[in-house]
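Please open the structure in your viewer and keep the selection tool at hand.

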Amino acid sequence: KPTYLRDYRPPAYRVTHTELTFDLDPAATRVKARLHLERHPERESGLPLTLDGERLVLKAIAIDGQPLEEDEYALTEDGLTVHRVPERFLLDTEVEIAPEANTALEGLYQSGGMYCTQCEAEGFRRITYYPDRPDVMATFATTVIGDAKREPVLLSNGNPVERGELPGGRHFVTWEDPHPKPCYLFALVAGDLEKVEDRFTTMSGREVTLQIWVEAENLGKTDHAMASLKRAMTWDEQTYGREYDLDRFMIVAVNDFNMGAMENKGLNIFNSAAVLTHPHTATDAAFQRVEGIVAHEYFHNWSGNRVTCRDWFQLSLKEGFTVFRDQCFSADTNSAPVKRIEDVSFFRTAQFAEDAGPTAHPIRPDHYIEITNFYTLTIYEKGAEVVRMLRNLVGWEAFRRGSDRYFERFDGQAVTIEDFVGCMEEASGQDLSQFMRWYSQAGTPEIDAHGEYDYANAEYRLILRQRTPATPDQPDKLPLHIPIRLGLVGTKSGRDLPLTLDGESLGTDAVIHLREDEQEFVFTEVSEAPVPSLARGFSAPVKLRFPYGREDLAFLLANDSDGFNRWDAGQRLAMLALDDLIAAHRNGVEKVMDSRVVEAFRTLLSQDSDDKAVLAEMLTLPSEAYIAEQQPLVDVDAIHAARTFVKQSLAMALRDEFLAVFEANRSEAPYAPEPEQIAARSLKNVALSYLMAIEDEEGIELVQRQFAADHNMTDVRHALTLLVHSSRDDLAEPALRRFGEKWAHDPLVMDQWFSIQVTRPQPDALERVKFLMEHPAFSLKNPNKVRALIGAFAGQNRVNFHRADGEGYRLLADVVIELNRLNPEIAARIITPLTRWQRFDEARQALMKAELERIRAEELSPNVYEVVQKALA
Ligand code: ARG
Ligand code: ZN
């Protein structure tokens, strides 16, 4: 069943050109394919032709115009074999498929009234018989035939070359894509869509038409995506020298979509949640997310499409690099320190948890059962961290030369991670062989650091030890090459001290390289006792422990020249206090607030901060999920109680300060999703959360006023969340009703309405989930709804999902069992919280495992089977 990396062989036959004709019908779409095939030059003659195909009804098959006899080919559940074929030939097939019955949302399916496709990774085999693998690259010519009224718009990749009327009220459009591509980049869209159009002139003067296609009611929600697209196109020209290569670039918004978006050549298809925005319906975070995803998909045109992956084990080749590119773009467009803080705090919460769980895998896995299970935080985000380390190791200039070399040398090819890193090696002259282990070794490296200052010799001795814990299939790990960016902050001066290592002076902010299990670094001429600021900017995706005292952390929080590490010092300080409070809660001891945290916050609040967005992050306590990640055994109730206690203590001690910040950052200015406004709003809303934490009259009044003012979705949603998550149902209910009625017509806003309710800490949350599953706006067939209701409950409502009676687990398992039939990809994702049972007490472990067993007893899709199997191994 599993596919192994070591088994890779080039295909026996390659396709040079693909002609497709779709005659659309919900129950019986006909797909005619003419493939121009030839033997792969590296493979022997006389091999049979094997094509992938699933859920296809074959209607006709011919080679070079000659229909095949039944004994000349064989059909199986997953494909078609033709026993004998010539060296070069044309294969014609015709199949029938049923888009309306496709609830997996892979291949050709219907979303509302429209037709759309999702082919990555292996969806094309549900459209026609084909070598469905990324190392087969062909030019495509696609004719789409539809009903002229129901499907006035017929789109595919490339440029439209012909259109016309047909009998019976039908019409057609033919598209040609001149760039050879693997079939996972194929796309088709048909329906009653409207477009917003703009233009872009590339650096070499090519005129590109930009179109965003949406349902008519969403025409007012495309401005931000369009502006983001143009910014991304300019950025890729200026930063990577990459230019767009077709006459048009299209984006389509669809409501039913398994993930965020897809980079199909010239015809990106987006989950409507990842492209539509309006100040009244989308939050600042949503605006920023849309900007990032539009850029991400656009950047794939080079990192993914022009140069693609040889096989799916190389997925991080395109995803890690492209996430790194979109992160840098967003950092350049918004506040760079905040972007880094957001990315890292998400990473340390969610990717670390993945790396520590039963589905841990390397950035380049060596086997899989179902590739869609590998669109993970490890492949994407850890992959991006590794590319970021590469950029830092070789420096931007060599990295850019390496990138140019990569795109030039491999243009139009399907390549491997070695090809990419090899270009970086050549461009920099550095030996990256040890660095390559980052791609093959799973798990989060842990570094134990110790430091000693020697007054007499003015030396600072830093000892670093690395160890990567065992992960499934990988008991033993080798030492990695880990770049540690650091500074030594003088305790007297509060400044970064000059760094001298082995007689070489390195400036005040330098990178040291940990390559052994253990290494000692002796800094000389250190004129005062320092506090080390380690792994600045999260210079490597590791857990770094250093025995900081609380004074050290308060000192770094006030003095570190690296904004990221200032924030991190605050998080570490809060964690020390939280640890004490968690212990107190468990031991039934009275909780006492650490005054150092209060004073650190007081200082933060009194400073005139130039970066309000960073300040807002610094005032935000670690999330319950992050705190849980730090505990040996997760006690959800103790974590919730401890965090609530810290929040309330800070709110009581610093009430006036929070009020002043709140007032100073209020604004009546018309909404714009611009960095300065976003920063002020987030600071104001953090202050409001504290003011509401003790639920006194004034706090409640402020929140209600913000809700009623209805100024923009960021503020309204924040106020609604504070009301709904408070202990006061008399505040929650009227607000929920008002919001729900006002937005009943807007599915993306209703998603937010669902999430806010099911993440409330009150004990009725689980009953609410059940109740809302019957709501007319809810549907298990729509992935956004499943994520908004079930995903939010199981992933974010920790106290209620982990109810001691196991009802949370049972609910999730019931949903997984149903989704296993409807949409296996979503089922295999939504199950994640159940797979993390190892982290909980025995009673909960038993309940979680029992639900996993109940799921395993079903007839499972490969997707769910693979995850459950690992979770119970
Ligand atoms: N390549 C897409 C992106 O990252 C995601 C495709 C995910 N495919 C899937 N079956 N989950 O932009
Ligand atoms: Zn991607």
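Over residues 551-873, what percentage of the chain is helix and what percentage is strand? Select that stretch in what is a predicted model, and you will find that the chain there is 73% helix and 0% strand, with the end C-alpha atoms 44 Å apart. An unreviewed UniProt entry annotates residues 551-873 as "domain: Peptidase M1 alanyl aminopeptidase C-terminal".

Next, select residues 225-438, which the UniProt annotation "domain: Peptidase M1 membrane alanine aminopeptidase", also from an unreviewed entry, covers. Here the chain is 55% helix and 9% strand, and the C-alpha atoms at the ends of the stretch are 35 Å apart.

Now select ligand 1 and show the 13 residues that surround it, of which the closest are E120, M259, M262, T372 and Y375. Strand 20 (261-262) and helix 2 (284-299) are the elements that give two or more residues to this shell. If you colour the shell by residue class, you will see five nonpolar, three polar and five charged residues.

For the last stop, turn to an open sheet of six strands, which follow the order 29-28-31-26-25-33 with mixed pairing. Strand 29 (504-505) and strand 33 (543-545) stand at the edges and have a single partner strand each, so one side of each is left without a neighbour in the sheet. Within the sheet, select strand 25 (residues 446-454) together with strand 26 (residues 459-467), which run antiparallel and are joined by nine bridges. To follow one of these pairings, pick H450 and look for its bridge partner in strand 26, I463.

How values were computed
Residues are numbered from 1 along each chain as its sequence is written. Chains are lettered from A and ligands numbered from 1 in the order in which they are written. This is a predicted model: local features need pLDDT of at least 70, side-chain atom pairs count only at pLDDT 80 or more; totals for chains, interfaces and linings use all residues. A residue is near a molecule or strand if its C-beta atom, placed from the backbone, lies within 6 Å of it. Helices (H or I, at least four residues) and strands (E, at least two) are DSSP runs, numbered from the N terminus. Ala, Val, Leu, Ile, Met, Phe, Trp, Tyr, Cys and Pro count as nonpolar, Asp, Glu, Lys and Arg as charged, and the others, Gly among them, as polar. UniProt positions are given in the numbering used here, feature names are shortened, and annotations may be inferred rather than shown by experiment. Two strands pair if DSSP finds at least two bridges between them.
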